[in-house]
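This note comments on the packing of helices and strands in the model shown below. Please read the points alongside the coordinates.

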Amino acid sequence: PLPYGYDALEPHIDEATMRVHHLSHAQTYTDKLNGALGKLRAAASTKWLAKLGVDELLGHLDEVPEELRMTVRNAGGGYVNHDLFFASLSPAGGEANEPTAGSLHAALTRHFGSVGEFKKQFTLAALEIFGSGWAWLALDPTTGNLEISGLPNQDTPLISGKRPLLGLDVWEHAYYLKHQSRRKDYIADFWRVVDWDSLSARYETAAGSATGKAEL
C-alpha cells in the first residue's frame with residue numbers, strides 16, 4: 001500500500017492517475033518480476049541470483065540467463081523505480097519542505113550551485129527524455145558525486161552501480177489523465193509534492209556507505 005491515500009496529492013497529482021499508476025502499472029511490474037524470480041529459483045545454477053535483493057540483482061544483469069535478462073531489467077527496474085517514486089512524494093512535501101541546511105542542502109549546493117539550480121537541471125533532464133523514461137538524481141558510490149541523468153524505459157541507475165535518490169517517471173501513464181501532453185506542467189506539479197525529508201534520509205544513507213568522498 002501507499003503511505004498516503006490515492007487522493008492525498010490532489011490537486012497536483014490526481015486520484016485517478018495515482019490509482020491507475022499504482023494498482024495497474026506498478027503492480028504489473030511486480031507480478032512480472034515475481035515470475036522471473038520464480039524461474040531463477042527453480043534452476044540450481046541461478047538460484048543464487050534470486051536470493052539477491054532486487055537492487056543488487058539489477059547490478060548483475062550480465063549473469064542473468066539471456067531468456068530472462070530483459071524481463072528482469074524491465075520488470076525489476078519498474079518495481080524498484082516505482083517503489084522509490086511513490087516513496088518520494090508526500091502531501092506535506094513541496095517548496096515549504098525544501099532543505100535550507102543540512103547534508104543534502106550542502107551536497108546539492110556543492111554539485112549544482114543551489115537547490116534551485118538542481119531543480120532546473122533535473123527538470124531539463126526530464127523534459128529532454130524522448131518517449132518514455134525516467135529522470136534521476138543518483139549518487140556514484142565510487143566518487144561520492146551526485147549526478148543527474150535521463151534513462152529510457154525502466155532503466156535504473158542501479159544497473160551501472162549508482163544509488164538512485166530521486167526518480168521522476170515521465171511515462172505518459174504517470175500524468176496523461178490530468179496533464180495530457182503537458183509534461184512541463186506535470187514536472188512543476190511533481191516539485192509541489194516532493195518529499196525532501198525522505199530524499200535527505202536516502203542521501204545520508206547512500207553517502208554514509210559510499211567508498212568515495214561524499215560529504216555529510
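The numbered points below concern a predicted model and take up a sheet, the helices on it and a helix pair.

1. The sheet is open and has three strands in the order S2-S1-S3, paired in antiparallel fashion. Strand S2 (146–152) and strand S3 (163–169) form its edges, each pairing on one side only. From one strand to the next, the twist averages 25°.

2. Strand S1 (residues 133–139) and S3 run antiparallel and are joined by six bridges. Within this part of the sheet, Ala-138 stands opposite Pro-164 in S3. H5 packs on the sheet, where it touches S1 and S2, and its direction makes about 80° with that of S2.

3. Helix H6 (residues 115–128) also deserves attention. H6 lies across S1, S2 and S3 and runs at about 145° to S1.

4. Two packed helices are described by the angle between their axes and the distance between the axes. For helix H5 (residues 102–112) and helix H9 (residues 196–209), the axes come within 9 Å and cross at roughly 80°. Angles of 65 to 115 degrees count as roughly perpendicular, and H5 and H9 are therefore roughly perpendicular to each other.

5. Which residues of H5 and H9 meet? On the H5 side they are Ser-103, Leu-104, Ala-107, Leu-108 and Arg-110, and on the H9 side Trp-196, Leu-199, Ser-200, Tyr-203 and Glu-204. Sorted by class, this contact of H5 with H9 has six nonpolar, two polar and two charged residues.

Methods. Residues numbered from 1 in each chain as written. Predicted model: local features only at pLDDT ≥ 70, side-chain atom pairs only at ≥ 80, totals over all residues. Heavy atoms only, no water. Axes fitted to C-alpha atoms, helices over the stretch in contact; angles between N-to-C directions. Helix = DSSP H or I, 4+ residues; strand = E, 2+ residues; numbered from the N terminus. Parallel < 35°, antiparallel > 145°, perpendicular 65-115°, else oblique. Contact = heavy atoms within 4.5 Å. Nonpolar A, V, L, I, M, F, W, Y, C, P; charged D, E, K, R; others polar. Pairing = 2+ DSSP bridges.
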